[in-house]
Amino acid sequence: MTLFLNSPPSSSPLFGQYAPPRGIFDEAVTSTGQVRPSWQPLLQQLGEMGMERLRSRWNQAQAQIERNGITYNPYEEDGLVSRPWALDAIPMVLAESEWQTVTAQLQQRARVLDALLRDLLGEQRLLKDQIIPPELVFGHPGWYPAYQNLPLSQERLLTYCVTDLARDPSGQWWATGDRTRSPFGLGYVLENRITTSRMLAGIFRQLPVCRLAPFYASLKEELRRLAPRFKENPRIVLWTKGPQSRGYFEDSYLARYLGYTLAEGDDLAVRNDRVQLLTLGGLLPVEVLLRRLDDDDCDSVELNPASQIGISSLLNVVREGKVAVANAVGTRLVESPAFLPFLPAVSRHLLGEDLAIASVATWWCGRDDWCRYVLENFDRMLIRPAYRMADVRPTVVRSLNATAKDVLMSQIKASPERFVGQEMIDRSTTPVLTDDGVESWYVGLRTFQLQTKDGFRSLPGGLARVSPDSDSLNFTMTAGERSQDVWILSEQPVEPFSLLEGSSSLLAPRRSGSELPSRVADNFFWLGRYAERAAQSARVLRTLYASLESEDTDGPENLPLLRYLATSGQVDPDHVVPEFSRTISDAASSLPDCVLDVERPLSLRSSVNNALRTALRVRDRISLDMWQAVDRLQDGLQKASERIDRTSVDMADLLETTLAELAALNGLVGEGMTRTLGWSFFDLGRRLERVTQTSALLRSFLAPQRGDAEMLESLLTVSDSLMTYRNRYLSTFQVPVVLDLLMTDTTNPRSMIYQLIRINEHLDAMPGNLHQAQLNPEQRMAVHLASTIKLCDVYALAEQNDSGRRRQLVSLLDQLDADLPRISDAVSSRFLIHAGLPRHFGVQHPDRDSRGTMEAGS
């Protein structure tokens with residue numbers, strides 16, 4: 001097929017060979033190869049841009065997506081291995097005149113869904129009048145009696161919903177499904193627009209593309225209107241499942257864009273008959289919950305008792321009208337495919353209107369005649385679960401062998417109410433940029449409707465998903481290989497619009513107070529600890545590698561380094577044995593595995609992975625630069641660990657890169673974070689970890705050793721204090737002055753006393769501590785440790801007994817190892833009690849804990 005732009009043949013190599021499959025509707029060109037009018041301006045300008053420039057900008061955009069951590073997490077529960085959001089270079093284009101026709105139909109469909117929900121959760125006239133079989137509702141695994149009459153306490157059920165569309169060869173749009181719980185995609189739509197408008201900046205400015213921001217402004221306004229109190233400025237919380245959610249990036253992105261607090265179930269509780277946000281400074285009442293949870297996970301008392309992410313007794317607060325939930329609890333019910341064949345009758349019965357946009361032909365097998373039709377036309381069917389309780393891949397019957405068909409048919413006959421059969425649609429195609437040029441891929445379109453006081457309004461755009469395989473788009477709208485921005489070209493000039501809110505009144509300057517949720521404080525605390533732990537491990541490993549690659553691989557400084565790594569669980573204790581030369585040889589060959597072993601809880605890779613996990617949970621509260629630094633850390637170690645032969649990894653380069661990224665992270669924290677409680681908890685965790693690691697190093701190097709010059713030099717190197725020591729003492733190494741520099745020197749930012757002074761400052765500034773008459777337990781312990789270190793005699797600590805041990809030093813280190821976890825526990829029990837599970841505190845010496853770790857509550 002030859003492509004024509006504005007009638008004459010195109011000479012552009014970009015689209016000159018574009019050839020959609022025959023018999024399929026193509027969004028860009030007609031069956032005769034003529035460019036559709038709405039596409040002509042875009043294709044003309046893309047053709048002028050040329051393949052090389054377009055591909056270059058696309059590659060830059062994809063790299064930016066990866067750097068910014070724009071991800072989708074479809075499979076990994078911990079969120080560590082998630083795929084970058086794949087965005088195509090070419091947007092999908094629709095004319096405003098066509099879009100207005102479609103959106104009018106979609107808005108009517110949204111009214112039908114809202115009316116259906118109000119009836120099922122209220123009077124249930126549809127059941128009484130036999131429009132919908134009662135067994136379809138009461139047999140639904142997502143039905144709970146507690147849903148009934150909840151609407152009486154809420155202004156609306158559906159604040160927003162989505163309908164997925166597919167276009168058939170005739171050009172007609174069909175609804176393939178609806179989402180009424182907490183529809184996925186609004187954040188990615190926004191990110192698609194931002195990225196595409198930058199990638200094609202000149203083209204975007206010249207074309208009258210309808211703006212998205214007014215829709216999001218309306219969403220904010222409607223959520224504000226839902227508030228039972230303080231409608232001018234209510235506290236609205238975006239309630240997320242957490243990092244285990246496949247859409248957690250979108251949750252954090254939307255929370256930041258809309259200006260809402262991102263909260264997990266542990267951050268929220270019912271107190272005094274209201275939903276409260278648990279913060280360090282106390283309880284803050286919540287007026288509106290923009291929920292991203294499944295309905296049955298919202299309340300473990302009346303709904304799913306196994307839920308650990310909900311709010312106990314939430315439904316009682318909803319009934320009393322003291323909190324609004326968007327979308328309302330129970331709305332997930334009608335997004336199940338089993339309701340699709342009943343929507344035309346529902347529309348006529350409740351609204352007195354014919355359903356404007358038809359659903360793809362669907363037959364619920366719970367009706368005998370429909371089940372017979374599905375079985376008689378089995379090879380033409382797409383078989384889905386009747387109830388959408390999880391993302392279960394539908395079955396394309398024609399792709400099955402005879403045995404699999406028989407098995408599936410037997411399952412349908414045994415439990416017909418659990419299945420629906422759907423007609424297969426030959427989806428339309430749209431231009432996509434591939435390695436081989438511009439090709440036609442199949443497309444599915446997700447549309448968004450928002451309920452306002454004047455009725456439903458539609459987002460002027462959507463989420464397009466494209467794939468070379470049409471069947472993959474029948475799974476969910478999150479399937480497919482890529483996404484595209486959707487441009488609705490206006491017939492009028494487009495006015496700029498900002499989501500930023502103006503105000504006629506002056507705002508009073510303020511400083512952030514203690515409204516930080518406990519979970520956020522906990523994650524900042526542990527982000528600081530994990531970052532410092534990773535840095536210390538990397539410095540020790542770098543020093544050891546440098547020694548192993550030197551001429552003298554049997555230097556006395558290697559054994560303390562190995563002892564430190566062994567006591568912290570980073571290498572096997574077998575490496576610390578009397579046969580020293582064999583130890584060094586074994587260590588050199590096994591260190592790559594130890595460094596990259598994620599099963600070792602205190603290995604370098606584990607520390608970095610844990611830092612990424614905690615950063616992920618506060619992503620809406622850290623800068624993009626901070627996120628990129630942590631993500632690059634994990635990415636480097638992840639790629640190294642994927643090598644089949646880990647001995648081929650350039651460990652020296654990997655460790656240098658890791659330390660550079662950690663230094664960048666510390667610099668961003670030091671110069672980029674405001675001195676509020678988030679920074680305080682980060683720095684508190686970092687200081688506690690640093691003094692813990694310094695104690696472990698002193699124990700490994702000096703407790704059982706004489707303290708040779710090479711050993712002291714190595715100790716100072718891994719403590720990042722060698723330059724200071726040489727400036728003061730040149731090349732003379734003595735144990736007492738080394739202890740002074742690492743323990744009692746208040747000018748050394750790596751010393752123990754420096755950390756303890758900072759720890760005391762942070763504890764004194766905690767909420768509730770400023771004006772109290774007496775010290776809290778954690779303050780008393782921290783003051784005592786600081787005083788002990790200040791008063792210690794470094795010459796006495798350096799003295800050895802007849803067996804060569806420094807008993808006073810060991811006793812002091814024992815006291816530190818006992819009290820530091822107690823400080824951490826006391827801080828956790830006072831401020832972070834709602835925050836989660838215990839975590840590894842740090843290193844321990846073998847005499848006290850053979851596991852090499854000690855647990856402390858968080």
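Two strands pair if DSSP finds at least two bridges between them. Helices (H or I, at least four residues) and strands (E, at least two) are DSSP runs, numbered from the N terminus. The model is predicted: local features need pLDDT of at least 70, side-chain atom pairs count only at pLDDT 80 or more, and totals for chains, interfaces and linings use all residues. Residues are numbered from 1 along each chain as its sequence is written, and side-chain values use heavy atoms, with hydrogens and water left out.

**Exercise 1. Determine which strands pair with E20 and how its residues are placed.**

Solution.
- Step 1: Strand E18 (residues 437-452) runs antiparallel to E20, and five bridges join them. In this pairing, Leu-445 stands opposite Ala-464.
- Step 2: Strand E21 (residues 482-484) pairs with E20 over three bridges, also in the antiparallel sense. Here Gln-484 of E21 is opposite Ala-464.
- Step 3: E20 (residues 463-467) is mostly covered, as five of its five residues are buried; buried means under 20% relative accessible area, exposed over 50%, and partly exposed in between (1.4 Å probe, protein chains only).
- Step 4: In a regular strand, side chains alternate between the two faces of the sheet. From E20, Leu-463, Arg-465 and Ser-467 point one way, while Ala-464 and Val-466 point the other way.

**Exercise 2. Describe the span and the buried face of helix H25.**

Solution.
- Step 1: H25 (residues 777-791) has 15 residues and reaches 21 Å from its first C-alpha to its last, close to the 21 Å expected at 1.5 Å a residue. The expected span is 1.5 Å times one less than the number of residues.
- Step 2: Its buried residues are Glu-778, Gln-779, Met-781, Ala-782, Leu-785, Ala-786 and Ile-789. Seen down the helix axis, these fall within an arc of 165°, so they line one face of H25; the arc is that of the directions from the axis to the C-beta atoms.
- Step 3: The buried residues of H25 pack against helix H23 (735-744), helix H24 (752-764) and helix H27 (807-831).

**Exercise 3. Locate the largest nonpolar core and the surroundings of Phe-681.**

Solution.
- Step 1: A nonpolar core is a set of buried Ala, Val, Leu, Ile, Met, Phe, Trp, Tyr and Cys residues joined through side-chain atoms within 4.5 Å. The largest has 139 residues, and Tyr-216, Phe-681 and Leu-739 have the most contacts inside it.
- Step 2: Helix H14 (residues 518-548) gives the largest share of this core, 16 residues. Domain 2 (536-673) and domain 3 (674-836) both contribute residues, so the core lies between them; the domain bounds come from an automatic or database domain assignment.
- Step 3: Neighbours within four places in sequence aside, Phe-681 is in contact (heavy atoms within 4.5 Å) with Leu-280, Ala-521, Phe-524, Phe-525, Met-766, Val-827, Phe-831 and Leu-832.
- Step 4: A second, separate core of 69 residues includes Val-112, Leu-277, Val-420 and Phe-456.

**Exercise 4. Characterise the backbone at Asn-327, Ser-313 and Leu-730.**

Solution.
- Step 1: Ala-326 and Asn-327 are joined by a cis peptide bond with omega about -10°. Asn-327 lies in the loop between strand E12 (324-326) and helix H11 (343-351).
- Step 2: Ser-313, a residue other than glycine, has a positive phi near 70°. It is partly exposed, at 25% relative accessibility.
- Step 3: Leu-730 has a positive phi near 60° and sits in the loop between helix H22 (722-729) and H23. Leu-730 is exposed, with a relative accessible area of 61%.
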